[in-house]
Amino acid sequence: MPRNIQLDGQGRLRHFLSIEGLKRSLLMEILDLAESFAGVTEQTVKKVPLLRGKTIVNLFFEASTRTRVTFELAAKRLSADVLNININSSSAVKGETLLDTLQNLEAMYYDMFVVRHADSGAAHFIAEHVLPHVHVINAGDGRHAHPTQAMLDMFTIRRVKGEFAPLTVAIVGDILHSRVARSQIHALTTLGVNEVRVIAPKTLIPKDVETLGVHVYHDLRRGLRDADVVIALRLQHERMQGALLPSEHEYFQLYGLTEEKLALAKPDAIIMHPGPINRGVEISSSVADGPRSVILQQVTHGIAVRMAVMAMAMGSMPLGEGRAA
Amino acid sequence: MRLHVRNGRVIDPANKVDAIQDLWIADGRIAALGKPPADFRADRTIDAAGLVVCPGLIDLCAHLREPGQEHKATIASETAAAAAAGITTLVCPPDTDPVIDTPAVAKLIQQRAQDTAKARVLTLGALTQGLEGTQISEMGALKAAGCIGMSNARRSVANTLVMRRAMEYAATHDLTVFLHAEDPWLSNHGCVHEGQVGTRLGLPGIPEAAETVAVARDMALVQQTGVRAHFCRLSTAQAVRMVARAQYDGLPVSADVSAHHLHLTEIDIGDFNSQCHVLPPLRTQRDREALRAGLAKGTLRSICSDHQPHEADAKLAPFAATEPGISALETLLPLSLRLVEEGVMSLPELIARLTHQPAELLRMEIGTLSVGTAADVCLFNPDEPWELVPEHMQSRGRNTPFAGWQFKGRTAITLFKGQVVFERESPVRKK
């Protein structure tokens, strides 16, 4: 196997591109550090000085609101300077390649890029071509990975459930196009949950997905049985084109999360969603707003988790904390 | 130039020759094999002891990038690379810019190749005008201009009726159609095999059925029209089985495979290695084994390079945004020799797949050392170890996934029409 470019010579986090290939101990370190930052959001002075003097660029080639905002807040609470650059497709029309864009920005001395891009592998590509002192965080690349989203989901699960080993986790929806699902699967299997299930019609299940260590269900009711955690994925409206699904109506009937179907899950099961939600498509309003939903907590936890990832990648740990490999 | 090639291991599969023999060349042709012709005085004697002497290699698919993409490569640069690789005949597909759908373009390419005089360049004419898949091309004129077959390159002829008519019209002119088997709706802008690697990396996949559906459709049309058809660069085990079955049934079909599909699989993509971005995509180990078996059995009659030289920038982007293809002329022979080393087939069988079998598909009297034929000869040292360093490649394109591979066997001298067009400095001594 090729060396993991996410890690430095000592096995420490240098870039955060994908959950795949990272050890359980490193993921736990991220969660533990995020836990220590979670208090910061509740303090009156909402800042720690870990990244003072550092400049972080949010480089978004794809529209995003929550992810970009939580990255920005996370960076500011670490006392870093933040620049947001939204590059739409018109730059590509002008003929500037991704590498050109990158080299122009690097000439301005930045310390970290937080990248979102429509192409799978874009964050890897950037990490391979940045100057040695620059760190790259993947904020979503094509269908490949969205590792900070997966880690904030893990953070939320651990806060509610305590430990991972006994859990059965069901991921429902468009697995085929979902970078979130791929990163969640890697995180859950690395953290050692009992079982990961993916639930969708065959048109939305990628080929050979079992090789990632999941069980495939096409029947929602069977897949939800005795689940501890149920994660609904966003269904993009454009999936109705291209013969993947007949209609949103039928999808909701068969795969939409409702109180009635969730009765099959464990009584204390939690309901998660990476957002933004389509009410009445993948999830009913009563479930999304109901007592078992932790959807808004996920958003809050995004800040602490992103602070942890940024601090670790930049090599700045809080005082007194060691860096176990 | 009169040449005497001494003491080489002459392998000429067409004539069932595999022996230490001498070879004499005069006036650009093979003058004699084994016994010297009367009153022969060589201008030069080549000591070929330790070398294999075989017909110059024939590559059924090499993109030379001229006309239209001279920033990637030119006919001059790539025929020189071919000479360095022991390849003396290159078949150029019609997706140049402009497309080879008029005699003028075909003649331009042939003229450029003649000017460089490093290798023979044969052209395939466009099966449909502009490769657009709607109007059949002027095949009569293209044949008269030297095109040795018709092809729609990598563009699909989506309309089945147009494909039927094109095949009928090609058959009218006794032309072979060279088919790229791909259903464009099923491949759906994919860039890797639809399988575990595509799933893991989140890259859009091209299913096996994209190839097999197209093979099945075209095979039915071959049966209907009686045209001679050659399936280029098969990538799946299932397609090899379909071709074998059709050959058993007596259909006039043949097929080839690229050298890289005989060695790489989807696993080699690793973490988005764009040098492994090729079309058809690298598939599974099971497919690779079936391609090797199909080659050994003779279902697949030829190994091609599918040479696609690129400028460096073409591979510097996220995987799906990079251009597919490998600069492959210089790895055709070494990758093929690995098949002998790995026990897939014998050396004479392998050389047949690189010489007279593709020549038969082209219906040309090349690819042999028969007395009186053009003296296209490849001399290679089968034991020479070397490492592929992209910076040392002769091709203008340095895009290869085989950088750093250790090979055994390397071209020493290449003769094209009796002229030395390539000679490696160190291992061979002049006399």
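Q: What is pLDDT, and what does chain A average?
A: pLDDT is the predictor's confidence in each residue, from 0 to 100. Chain A averages 90, and 92% of the residues score at least 70. Residues are numbered from 1 along each chain as its sequence is written. In this predicted model, local features need pLDDT of at least 70.

Q: Where does pLDDT stay under 50?
A: Where pLDDT is low, the predicted coordinates should not be read in detail. In chain A, this concerns residues 318–325, where pLDDT stays under 50.

Q: Which domains does the assignment give for chain A?
A: Domain bounds come from an automatic or database domain assignment. For chain A, domain 1 covers 24–145 + 300–313 and domain 2 covers 147–299. Two residues are in contact if their C-beta atoms, placed from the backbone, lie within 7 Å. The contact takes 21 residues from domain 1 of chain A and 22 residues from domain 2 of chain A.

Q: How many residues has the largest nonpolar core?
A: A nonpolar core joins buried Ala, Val, Leu, Ile, Met, Phe, Trp, Tyr and Cys residues through C-beta atoms within 7 Å; buried means that 20 or more other C-beta atoms lie within 10 Å of a residue's own. The largest nonpolar core here has 240 residues, and Val172(A) is one of those with the most contacts inside it.

How values were computed:
Chains lettered and ligands numbered in written order. Predicted model: local features only at pLDDT ≥ 70, side-chain atom pairs only at ≥ 80, totals over all residues. Buried ≥ 20, exposed ≤ 12 C-beta atoms within 10 Å, placed from the backbone.
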